[in-house]
Amino acid sequence: MEIKIIERILAANENAAAENRELLDHNHVPALNVMGSPGAGKTSLIERTIALLRDRAPVAVIEGDIATTRDAERVAKLGAPVVQIATGGECHLDAAMVGEALANLDLHSAGVVIIENVGNLVCPAEFDLGEHRKVVVASLPEGDDKIEKYPLIFSIADAVVLNKTDMAGLVDFDIKRFRSELDAINPKAAFFEVSCRTWHGLDEWAEWVAPRAVA
Ligand code: MG
Ligand code: ZN
């Protein structure tokens, strides 16, 4: 019984995701789904990306949070169009929520849409939002053991961004170990070592985001 319900939820989500993708493609706008733990630096990465792509591909943002509009306010301060989704307790975004948000964005003038998912390494991995590429943000203070503990989300990522590299030496994090575990589970993922605080490594990341943004 329960399995049937879950199947139905995921099937409905797939239809909504396909509609989102169609709408984005129709407007020639690529979309990224940014996932990661609370505090990994998803919003900081989005803030930096807005700044770095300002002249090439204006970033429009969808902010998913269980509560508060704090992240949306940070993004709005930079002048980027932003729609907040308050999930009201849900620990992930689904495609229907994102569809409503997309309807409230001017996709015509956007160069790229970045969706910040709810901070969580588990169920966001299960829900296709209609995005073109999935990104996982991880960070040094979280520890270097997360890939084997949360294999699904890392195995479906098109890119993994390792943030807070400026904390190397302050926390025990074996970047080589992290990298080799990622290679074992998902050798095709792009990998970026960055610090949103010092801007280290962010140009390469922006290059990865940008090519498809020039539509
Ligand atoms: Mg955030
Ligand atoms: Zn969830």
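In the predicted model, the magnesium ion (ligand 1) is coordinated by OG1 of Thr 43, OD of Asp 71 and OE of Glu 116, at 2.0 to 2.1 Å. The spacing of these donor residues in sequence is T-x27-D-x44-E. Asp 71 belongs to helix 3 (residues 70–77) and Glu 116 to strand 4 (residues 112–116); the pair links distant parts of the chain, 45 residues apart. Asp 71 and Glu 116 are both buried.

The structure contains 6 aromatic pairs. One of them is formed by Phe 154 and Phe 178, whose ring centres are 6.1 Å apart and whose planes stand at 90°, so the pair is edge-to-face. Distant parts of the chain are linked by this pair, with Phe 154 in helix 6 (residues 151–155) and Phe 178 in helix 7 (residues 175–185), 24 residues apart. Both Phe 154 and Phe 178 are buried.

Phe 178 also pairs with Phe 191: the ring centres are 6.1 Å apart and the planes lie at 40°, so the pair is tilted. Because Phe 178 lies in helix 7 and Phe 191 in strand 7 (residues 190–193), the pair ties together parts that are 13 residues apart in sequence. The relative accessible area is 1% for Phe 178, which is buried, and 12% for Phe 191, which is buried as well. Phe 154, Phe 178 and Phe 191 form one aromatic cluster together with Phe 173.

A charge–ring contact involves Arg 133, which lies over the face of Trp 208 at 3.9 Å from the ring centre.

How values were computed. Residues numbered from 1 in each chain as written. Chains lettered and ligands numbered in written order. Predicted model: local features only at pLDDT ≥ 70, side-chain atom pairs only at ≥ 80, totals over all residues. Heavy atoms only, no water. Donors = N, O, S within 2.8 Å, 3.2 Å for Na, K, Ca; no water. Helix = DSSP H or I, 4+ residues; strand = E, 2+ residues; numbered from the N terminus. Buried < 20%, exposed > 50% of the residue type's maximum accessible area, 1.4 Å probe, protein only. Phe/Tyr/Trp six-rings, centres within 6.5 Å; stacked < 30°, edge-to-face > 60°. Lys NZ or Arg CZ within 6 Å of the ring centre and 35° of its normal.
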